[in-house]
Amino acid sequence: MARPVPADRNKGGDGDKDLVHNRIAVLRAERGVSRRELAAALGVHYQTVGYLERGEYSPSLHLALQIAEYFQVPVEVVFSLRPFPLIGSAAS
Amino acid sequence: MTTPRTKREERLLTVLQAEVPSRYATQGGRRNLVRAGIACLALFYVSAVVCWELAPSDTAMYTTFACDGIGIVAGGILLGQMLVVSRGTTRLPDHLLDERQALEKLRAHSSAHRLTVILLFVAMFAIELGMSRGGDHSPSAAVLVTFVALLVTVVALPLLVITWRMPDPIPDEDDEL
């Protein structure tokens with residue numbers, strides 16, 4: 001069975017050296033967008049959105065920019081090389 | 001971009017993008033499918049070995065028909081399952097794949113190519129051995145059957161590789177939103 005991993009604690013698809021954290025799941029949930037809707041808007045398979053959220057795939061720059069544009073936020077709001085602070089923590 | 005250009009491509013995408021059967025949702029299930037596929041491929045090599053040893057003879061002929069027949073039927077069914085499990089990633093044209101799938105396809109073909117090179121070297125030495133043992137009278141049927149085995153393997157390898165390496169599919173959580 002697929003093991004869900006929090007979006008801000010994801011592991012990179014190619015190991016720790018390529019670790020890219022993302023907040024796609026958070027943004028998607030916040031805006032009530034389903035995986036299929038997001039996938040259709042981005043022109044990717046819905047499983048790809050799932051793998052992105054689970055941190056098993058790191059997107060190309062083009063796809064990352066497309067995702068940021070879809071949510072109308074700067075790309076660094078969605079992706080980071082460092083883990084995103086947990087909601088409610090002092091850093092957030 | 002996954003944009004179908006024809007009705008046929010649209011139908012193909014609908015079939016291949018359906019949910020993966022639950023028995024293949026786990027790595028164990030998928031790898032068992034690959035093992036079964038390898039067993040089917042092995043049948044082609046069994047018939048090749050039998051041909052090298054016994055051809056020309058009725059035993060070699062019946063064994064070849066039986067092994068290759070079972071291999072084609074069972075292997076065809078299994079490869080069909082793998083196609084569904086891998087969502088056609090190795091077979092669909094590039095314009096129907098997104099960037100992740102295109103990368104997976106590339107990796108699968110790359111690994112399959114390496115395995116094919118190794119296999120061809122092994123086959124070359126095996127055929128050389130078979131021909132030297134057979135002297136001047138090497139059975140042509142054996143060469144043909146060996147070639148068929150290699151051909152089937154080369155066709156099936158990318159699908160076997162991608163099914164073996166596939167990560168678990170993400171459960172559809174759309175209903176939760």
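Predicted model: local features only at pLDDT ≥ 70, side-chain atom pairs only at ≥ 80, totals over all residues.
What is the mean pLDDT of chain A, and what percentage of its residues reach 70 or more?

Figure 1. The mean pLDDT of chain A is 81, and 76% of its residues reach 70 or more. Among the elements of this chain, helix α4 (residues 61-71) of chain A has the highest mean pLDDT, 95, while α3(A) has the lowest, 91.

**Figure 2. Residues 1-15 of chain A, where pLDDT stays under 50.** For residues 1-15 of chain A, the model has 36 contacts beyond four places in sequence.

**Figure 3. The contact between chain A and chain B.** Chain A supplies 18 residues to this contact, and chain B supplies 17 residues. On the side of chain A that touches chain B, the elements giving two or more residues are α2 (35-42) and α3 (46-53) of chain A. The element that gives the most to this side is α3(A), with 4 residues. By class, the residues on the side of chain A that touches chain B comprise 6 nonpolar, 8 polar and 4 charged.

**Figure 4. Helices α2 and α5 of chain B.** Two packed helices are described by the angle between their axes and the distance between the axes. In chain B, the axes of helix α2 (residues 27-54) and helix α5 (residues 140-165) come within 9 Å of each other and cross at roughly 170°. Angles over 145 degrees count as roughly antiparallel, and α2(B) and α5(B) are therefore roughly antiparallel to each other. The contact of α2(B) with α5(B) has 18 nonpolar residues, together with 5 polar and 2 charged residues.

Definitions and conventions. Residues numbered from 1 in each chain as written. Chains lettered and ligands numbered in written order. Axes fitted to C-alpha atoms, helices over the stretch in contact; angles between N-to-C directions. Parallel < 35°, antiparallel > 145°, perpendicular 65-115°, else oblique. Nonpolar A, V, L, I, M, F, W, Y, C, P; charged D, E, K, R; others polar. Contact = placed C-beta atoms within 7 Å. pLDDT = per-residue confidence, 0-100.
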